[in-house]
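Hello,

Here is the structure I said I would pass on. My notes on it follow below the sequence and model.

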Amino acid sequence: MGTVIIDKEICIGCGLCVDVCPYNAIQLVENRAVYVLQDCFSCDHCRSVCPVDAVSVAGLVSGMNFSTFTERAEVVQPGAGGMAEIVALMRSRRSCRRYSGKTVSLSLLKDLVKIGTTAPSGTNSQPWRFSILPERQDVLFLGDLTADYYRNLNRQAQNRALRLLMKLFGRDKLGIYYRKYHDSVQESLREWDEEGRDRLFHGATAVILVAAGSDASCPAEDALLATQNMLLAAHAAGLGSCLVGFAVEAMRRNSSIRKKMKIAEDMDVYTVIGLGYPDVKYMRFSGRRSVVPEILRFN
Ligand SMILES: Cc1cc2nc3c(=O)[nH]c(=O)nc-3n(C[C@H](O)[C@H](O)[C@H](O)COP(=O)(O)O)c2cc1C
(Lines give C-alpha, C1' and ligand atoms only; values in the text may rest on other atoms or scores of the structure.)
Protein backbone atom coordinates (compact mmCIF):
# COMPACT_ATOMS: atom_id res chain seq x y z
CA MET A 1 0.00 0.00 0.00
CA GLY A 2 1.12 3.49 -0.71
CA THR A 3 2.80 6.12 1.37
CA VAL A 4 1.40 9.52 2.21
CA ILE A 5 3.56 12.47 1.26
CA ILE A 6 2.86 15.81 2.94
CA ASP A 7 4.47 18.95 1.58
CA LYS A 8 5.71 20.84 4.65
CA GLU A 9 5.96 24.07 2.71
CA ILE A 10 2.28 24.00 1.83
CA CYS A 11 0.82 22.43 5.03
CA ILE A 12 -0.88 25.00 7.29
CA GLY A 13 -1.06 22.70 10.30
CA CYS A 14 -4.88 22.68 10.48
CA GLY A 15 -4.88 19.06 11.66
CA LEU A 16 -7.83 17.97 9.51
CA CYS A 17 -5.80 15.09 8.06
CA VAL A 18 -4.84 14.00 11.58
CA ASP A 19 -8.49 13.90 12.65
CA VAL A 20 -9.76 12.06 9.61
CA CYS A 21 -7.07 9.35 9.50
CA PRO A 22 -8.48 5.98 10.66
CA TYR A 23 -4.96 4.65 11.13
CA ASN A 24 -3.37 7.30 13.39
CA ALA A 25 -0.78 7.60 10.66
CA ILE A 26 -0.44 11.39 10.80
CA GLN A 27 0.58 13.62 13.69
CA LEU A 28 1.13 17.34 14.08
CA VAL A 29 4.79 18.04 14.74
CA GLU A 30 5.80 21.69 15.20
CA ASN A 31 2.51 22.77 13.69
CA ARG A 32 2.95 20.70 10.53
CA ALA A 33 1.33 17.38 9.59
CA VAL A 34 3.81 14.52 9.51
CA TYR A 35 3.19 11.01 8.24
CA VAL A 36 4.60 8.81 11.00
CA LEU A 37 4.10 5.34 9.54
CA GLN A 38 5.82 3.41 6.77
CA ASP A 39 2.53 2.59 5.16
CA CYS A 40 -1.23 2.55 5.78
CA PHE A 41 -4.15 1.33 3.72
CA SER A 42 -4.12 4.40 1.50
CA CYS A 43 -7.71 5.38 2.16
CA ASP A 44 -6.92 8.80 0.69
CA HIS A 45 -9.02 10.69 3.24
CA CYS A 46 -6.05 12.85 4.28
CA ARG A 47 -5.56 14.09 0.73
CA SER A 48 -9.28 14.55 0.25
CA VAL A 49 -9.82 16.79 3.31
CA CYS A 50 -6.69 18.92 2.94
CA PRO A 51 -7.84 22.50 2.26
CA VAL A 52 -4.51 23.51 0.68
CA ASP A 53 -3.73 20.38 -1.37
CA ALA A 54 -0.55 19.60 0.56
CA VAL A 55 -1.06 15.81 0.62
CA SER A 56 -0.48 13.17 -1.99
CA VAL A 57 -0.86 9.41 -1.71
CA ALA A 58 1.52 7.30 -3.72
CA GLY A 59 -0.02 4.73 -6.02
CA LEU A 60 -3.49 6.29 -6.28
CA VAL A 61 -5.02 8.10 -9.20
CA SER A 62 -7.55 10.73 -8.23
CA GLY A 63 -8.65 11.80 -11.70
CA MET A 64 -10.60 9.09 -13.48
CA ASN A 65 -10.41 10.49 -17.01
CA PHE A 66 -13.81 9.35 -18.14
CA SER A 67 -14.10 9.48 -21.88
CA THR A 68 -17.87 9.31 -22.41
CA PHE A 69 -19.01 12.16 -20.15
CA THR A 70 -17.69 15.21 -18.36
CA GLU A 71 -17.24 14.65 -14.68
CA ARG A 72 -18.31 17.29 -12.16
CA ALA A 73 -15.34 19.15 -10.78
CA GLU A 74 -16.66 19.54 -7.22
CA VAL A 75 -17.32 16.98 -4.53
CA VAL A 76 -21.02 16.64 -3.64
CA GLN A 77 -21.17 17.58 0.02
CA PRO A 78 -23.52 15.65 2.34
CA GLY A 79 -27.06 16.89 1.85
CA ALA A 80 -26.22 18.79 -1.32
CA GLY A 81 -26.86 15.93 -3.75
CA GLY A 82 -30.24 15.49 -5.36
CA MET A 83 -31.92 12.91 -3.12
CA ALA A 84 -34.93 12.69 -5.44
CA GLU A 85 -32.71 12.16 -8.49
CA ILE A 86 -30.62 9.40 -6.99
CA VAL A 87 -33.63 7.56 -5.61
CA ALA A 88 -35.40 7.89 -8.96
CA LEU A 89 -32.30 6.45 -10.64
CA MET A 90 -32.20 3.54 -8.20
CA ARG A 91 -35.90 2.83 -8.64
CA SER A 92 -35.73 3.10 -12.42
CA ARG A 93 -32.89 0.62 -12.90
CA ARG A 94 -34.44 -2.67 -13.90
CA SER A 95 -33.03 -5.96 -15.06
CA CYS A 96 -33.12 -5.74 -18.81
CA ARG A 97 -34.16 -8.82 -20.74
CA ARG A 98 -34.72 -7.20 -24.11
CA TYR A 99 -31.98 -5.40 -26.00
CA SER A 100 -31.91 -3.58 -29.32
CA GLY A 101 -28.72 -5.30 -30.50
CA LYS A 102 -26.78 -2.04 -30.87
CA THR A 103 -23.17 -2.44 -29.74
CA VAL A 104 -21.97 -0.54 -26.66
CA SER A 105 -18.77 1.42 -27.20
CA LEU A 106 -15.69 0.05 -25.53
CA SER A 107 -15.01 3.48 -24.02
CA LEU A 108 -18.39 3.43 -22.23
CA LEU A 109 -17.72 -0.08 -20.93
CA LYS A 110 -14.32 1.06 -19.66
CA ASP A 111 -15.92 4.09 -17.99
CA LEU A 112 -18.36 1.76 -16.22
CA VAL A 113 -15.45 -0.23 -14.85
CA LYS A 114 -13.84 2.96 -13.50
CA ILE A 115 -17.16 3.86 -11.87
CA GLY A 116 -17.20 0.40 -10.28
CA THR A 117 -13.94 1.18 -8.53
CA THR A 118 -15.49 4.13 -6.68
CA ALA A 119 -17.25 1.61 -4.40
CA PRO A 120 -16.02 1.03 -0.86
CA SER A 121 -13.92 -2.07 -0.21
CA GLY A 122 -12.81 -3.86 2.95
CA THR A 123 -9.62 -2.19 4.27
CA ASN A 124 -9.55 -0.34 0.96
CA SER A 125 -8.10 -3.48 -0.60
CA GLN A 126 -9.85 -2.91 -3.96
CA PRO A 127 -9.40 -6.61 -4.74
CA TRP A 128 -11.57 -6.53 -7.85
CA ARG A 129 -10.63 -7.42 -11.40
CA PHE A 130 -12.91 -6.64 -14.32
CA SER A 131 -13.08 -8.30 -17.70
CA ILE A 132 -14.99 -6.85 -20.61
CA LEU A 133 -16.54 -8.95 -23.35
CA PRO A 134 -17.31 -6.08 -25.70
CA GLU A 135 -19.26 -7.64 -28.54
CA ARG A 136 -22.14 -10.02 -29.05
CA GLN A 137 -19.85 -12.71 -30.48
CA ASP A 138 -17.83 -12.61 -27.23
CA VAL A 139 -21.03 -12.92 -25.20
CA LEU A 140 -22.09 -15.89 -27.33
CA PHE A 141 -18.70 -17.53 -26.74
CA LEU A 142 -19.34 -17.37 -22.97
CA GLY A 143 -22.93 -18.43 -23.60
CA ASP A 144 -21.81 -21.60 -25.38
CA LEU A 145 -19.42 -22.49 -22.57
CA THR A 146 -22.18 -21.91 -20.02
CA ALA A 147 -24.66 -23.96 -22.05
CA ASP A 148 -22.14 -26.84 -22.16
CA TYR A 149 -21.81 -26.67 -18.39
CA TYR A 150 -25.58 -26.88 -17.86
CA ARG A 151 -25.98 -29.63 -20.47
CA ASN A 152 -23.54 -31.68 -18.45
CA LEU A 153 -25.15 -30.76 -15.13
CA ASN A 154 -28.59 -31.70 -16.44
CA ARG A 155 -27.24 -35.07 -17.58
CA GLN A 156 -25.92 -35.71 -14.07
CA ALA A 157 -29.14 -34.49 -12.45
CA GLN A 158 -31.20 -36.85 -14.63
CA ASN A 159 -29.34 -39.76 -13.03
CA ARG A 160 -31.62 -40.81 -10.16
CA ALA A 161 -29.01 -43.12 -8.61
CA LEU A 162 -26.46 -40.31 -8.52
CA ARG A 163 -28.97 -37.97 -6.88
CA LEU A 164 -29.77 -40.57 -4.22
CA LEU A 165 -26.10 -41.35 -3.63
CA MET A 166 -25.28 -37.68 -3.13
CA LYS A 167 -28.23 -37.32 -0.78
CA LEU A 168 -26.95 -40.28 1.23
CA PHE A 169 -23.70 -38.40 1.73
CA GLY A 170 -25.67 -35.42 3.01
CA ARG A 171 -25.34 -33.39 -0.17
CA ASP A 172 -28.73 -33.02 -1.75
CA LYS A 173 -27.60 -30.17 -3.99
CA LEU A 174 -28.06 -32.17 -7.17
CA GLY A 175 -31.55 -33.22 -6.07
CA ILE A 176 -32.49 -29.64 -5.26
CA TYR A 177 -31.16 -28.50 -8.62
CA TYR A 178 -33.14 -31.28 -10.33
CA ARG A 179 -36.38 -30.28 -8.64
CA LYS A 180 -35.97 -26.52 -8.99
CA TYR A 181 -34.12 -25.88 -12.22
CA HIS A 182 -33.66 -28.96 -14.41
CA ASP A 183 -36.78 -28.61 -16.52
CA SER A 184 -36.52 -24.89 -17.20
CA VAL A 185 -32.80 -25.17 -17.95
CA GLN A 186 -33.51 -28.08 -20.32
CA GLU A 187 -36.04 -25.96 -22.17
CA SER A 188 -33.64 -22.99 -22.32
CA LEU A 189 -30.93 -25.25 -23.72
CA ARG A 190 -33.31 -26.52 -26.37
CA GLU A 191 -34.19 -22.94 -27.30
CA TRP A 192 -30.49 -21.98 -27.39
CA ASP A 193 -29.62 -24.94 -29.64
CA GLU A 194 -32.66 -25.07 -31.91
CA GLU A 195 -34.00 -21.52 -32.05
CA GLY A 196 -30.96 -19.41 -31.21
CA ARG A 197 -32.99 -17.89 -28.38
CA ASP A 198 -30.84 -16.49 -25.60
CA ARG A 199 -32.50 -16.86 -22.23
CA LEU A 200 -29.13 -16.57 -20.49
CA PHE A 201 -27.92 -13.11 -21.52
CA HIS A 202 -31.24 -12.11 -23.10
CA GLY A 203 -29.43 -10.76 -26.18
CA ALA A 204 -26.99 -8.51 -24.30
CA THR A 205 -24.26 -7.24 -26.60
CA ALA A 206 -21.59 -6.94 -23.91
CA VAL A 207 -20.67 -8.49 -20.61
CA ILE A 208 -18.58 -7.32 -17.69
CA LEU A 209 -17.25 -10.01 -15.37
CA VAL A 210 -16.39 -8.95 -11.83
CA ALA A 211 -13.89 -11.11 -9.98
CA ALA A 212 -12.05 -10.49 -6.74
CA GLY A 213 -9.02 -11.93 -5.00
CA SER A 214 -10.07 -14.80 -2.76
CA ASP A 215 -7.53 -13.72 -0.12
CA ALA A 216 -9.18 -10.31 0.38
CA SER A 217 -11.04 -9.68 3.64
CA CYS A 218 -14.48 -9.38 2.02
CA PRO A 219 -14.16 -10.10 -1.71
CA ALA A 220 -17.84 -10.86 -2.29
CA GLU A 221 -19.02 -7.62 -0.70
CA ASP A 222 -16.37 -5.61 -2.57
CA ALA A 223 -17.29 -7.12 -5.93
CA LEU A 224 -21.02 -6.70 -5.38
CA LEU A 225 -20.72 -3.08 -4.30
CA ALA A 226 -18.66 -2.29 -7.40
CA THR A 227 -21.30 -4.11 -9.44
CA GLN A 228 -24.17 -2.04 -8.06
CA ASN A 229 -22.32 1.16 -8.91
CA MET A 230 -21.92 -0.07 -12.47
CA LEU A 231 -25.59 -1.07 -12.77
CA LEU A 232 -26.76 2.40 -11.70
CA ALA A 233 -24.24 4.16 -13.93
CA ALA A 234 -25.19 1.93 -16.86
CA HIS A 235 -28.80 3.05 -16.48
CA ALA A 236 -27.73 6.70 -16.32
CA ALA A 237 -25.72 6.16 -19.51
CA GLY A 238 -28.75 4.79 -21.36
CA LEU A 239 -27.89 1.12 -21.07
CA GLY A 240 -29.89 -1.82 -19.84
CA SER A 241 -28.20 -4.38 -17.62
CA CYS A 242 -28.96 -7.73 -16.07
CA LEU A 243 -27.01 -9.85 -13.65
CA VAL A 244 -26.60 -13.41 -14.87
CA GLY A 245 -26.32 -15.65 -11.84
CA PHE A 246 -26.47 -18.79 -13.97
CA ALA A 247 -23.22 -17.80 -15.69
CA VAL A 248 -21.56 -17.02 -12.34
CA GLU A 249 -22.49 -20.47 -11.06
CA ALA A 250 -21.07 -22.15 -14.18
CA MET A 251 -17.83 -20.21 -13.91
CA ARG A 252 -17.46 -20.92 -10.22
CA ARG A 253 -17.87 -24.65 -10.71
CA ASN A 254 -15.98 -25.09 -13.94
CA SER A 255 -12.32 -24.12 -13.96
CA SER A 256 -12.00 -24.51 -17.72
CA ILE A 257 -14.55 -21.70 -18.25
CA ARG A 258 -12.60 -19.54 -15.79
CA LYS A 259 -9.41 -20.36 -17.69
CA LYS A 260 -10.95 -19.44 -21.03
CA MET A 261 -12.17 -16.17 -19.50
CA LYS A 262 -8.58 -15.61 -18.29
CA ILE A 263 -9.62 -15.43 -14.63
CA ALA A 264 -6.50 -15.83 -12.48
CA GLU A 265 -6.36 -18.86 -10.21
CA ASP A 266 -6.45 -16.76 -7.04
CA MET A 267 -9.63 -14.99 -8.12
CA ASP A 268 -13.29 -15.88 -7.71
CA VAL A 269 -16.00 -14.60 -10.05
CA TYR A 270 -18.81 -12.78 -8.25
CA THR A 271 -20.90 -11.19 -10.95
CA VAL A 272 -21.55 -11.49 -14.65
CA ILE A 273 -23.31 -8.38 -15.94
CA GLY A 274 -25.11 -8.46 -19.28
CA LEU A 275 -25.25 -5.02 -20.92
CA GLY A 276 -26.70 -3.42 -24.01
CA TYR A 277 -29.09 -0.78 -25.26
CA PRO A 278 -32.58 -1.60 -24.00
CA ASP A 279 -35.47 -2.33 -26.29
CA VAL A 280 -38.00 -1.87 -23.54
CA LYS A 281 -39.26 1.23 -21.76
CA TYR A 282 -40.71 1.18 -18.27
CA MET A 283 -43.42 3.65 -17.34
CA ARG A 284 -43.53 2.87 -13.64
CA PHE A 285 -40.96 2.43 -10.87
CA SER A 286 -40.04 -0.98 -9.52
CA GLY A 287 -42.36 -2.36 -6.87
CA ARG A 288 -40.93 -4.03 -3.82
CA ARG A 289 -42.30 -5.92 -0.83
CA SER A 290 -42.54 -3.46 2.03
CA VAL A 291 -40.16 -3.92 4.91
CA VAL A 292 -40.52 -2.95 8.53
CA PRO A 293 -37.15 -2.42 10.12
CA GLU A 294 -36.63 -3.52 13.68
CA ILE A 295 -35.82 -0.50 15.81
CA LEU A 296 -33.27 -1.33 18.47
CA ARG A 297 -32.79 1.03 21.40
CA PHE A 298 -30.64 0.08 24.32
CA ASN A 299 -30.87 2.98 26.73
C1 LIG B 1 -27.30 -12.33 -7.70
C2 LIG B 1 -28.32 -12.13 -8.80
C3 LIG B 1 -28.39 -13.03 -9.83
C4 LIG B 1 -29.31 -12.85 -10.86
N5 LIG B 1 -29.33 -13.72 -11.92
C6 LIG B 1 -30.21 -13.54 -12.91
C7 LIG B 1 -30.21 -14.43 -14.04
O8 LIG B 1 -29.43 -15.38 -14.13
N9 LIG B 1 -31.09 -14.16 -15.04
C10 LIG B 1 -31.95 -13.10 -15.00
O11 LIG B 1 -32.73 -12.92 -15.94
N12 LIG B 1 -31.98 -12.25 -13.92
C13 LIG B 1 -31.12 -12.44 -12.90
N14 LIG B 1 -31.11 -11.56 -11.83
C15 LIG B 1 -32.04 -10.41 -11.83
C16 LIG B 1 -33.18 -10.55 -10.82
O17 LIG B 1 -34.12 -11.46 -11.28
C18 LIG B 1 -33.78 -9.15 -10.59
O19 LIG B 1 -32.81 -8.31 -10.03
C20 LIG B 1 -35.01 -9.15 -9.70
O21 LIG B 1 -36.07 -9.86 -10.28
C22 LIG B 1 -35.50 -7.72 -9.41
O23 LIG B 1 -35.85 -7.06 -10.61
P24 LIG B 1 -35.16 -5.70 -11.10
O25 LIG B 1 -33.66 -5.95 -11.13
O26 LIG B 1 -35.71 -5.44 -12.45
O27 LIG B 1 -35.50 -4.62 -10.14
C28 LIG B 1 -30.19 -11.73 -10.82
C29 LIG B 1 -30.12 -10.84 -9.75
C30 LIG B 1 -29.20 -11.02 -8.75
C31 LIG B 1 -29.11 -10.02 -7.64
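In the protein chain, 76% of the contacts between residues at least 6 apart in sequence join residues at least 24 apart; contact means heavy atoms within 4.5 Å. The model is predicted, so local features need pLDDT of at least 70 and side-chain atom pairs count only at pLDDT 80 or more, while totals for chains, interfaces and linings use all residues. Residues are numbered from 1 along each chain as its sequence is written, and side-chain values use heavy atoms, with hydrogens and water left out.

Overall layout

The chain contains 11 helices and 8 strands. These are DSSP runs numbered from the N terminus, with helices (H or I) of at least four residues and strands (E) of at least two. The C-alpha trace spans about 75 × 50 × 45 Å along its principal axes. Of the 299 residues, 36% count as buried, where buried is under 20% relative accessible area, exposed is over 50% and partly exposed is in between (1.4 Å probe, protein chains only).

The chain is divided into domain 1 (4–57), domain 2 (91–137 + 200–276) and domain 3 (144–190); the bounds come from an automatic or database domain assignment. The centres of domain 1 and domain 2, taken over C-alpha atoms, are 35 Å apart.

The ligand

Around the ligand are Arg93, Arg94, Ser95, Arg97, His202, Cys242, Leu243, Val244, Gly245, Phe246 and Arg288, each with a heavy atom within 4 Å of the ligand. By type, this shell has 4 nonpolar, 3 polar and 4 charged residues. Here Ala, Val, Leu, Ile, Met, Phe, Trp, Tyr, Cys and Pro count as nonpolar, Asp, Glu, Lys and Arg as charged, and the others, Gly among them, as polar.

Taken alone the ligand exposes 630 Å², and the protein buries 58% of that; areas come from the Shrake-Rupley method with a 1.4 Å probe, and for residues only the protein chains shown count as cover. Strand S7 (240–243) and helix H10 (245–253) are the elements that give two or more residues to the shell.

Tyr178

Tyr178 lies in helix H7 (residues 173–180). Tyr178 counts as partly exposed because its relative accessibility is 29%. Leaving aside neighbours within four places in sequence, Tyr178 is in contact with Ala157, Gln158 and Arg163.

Regards
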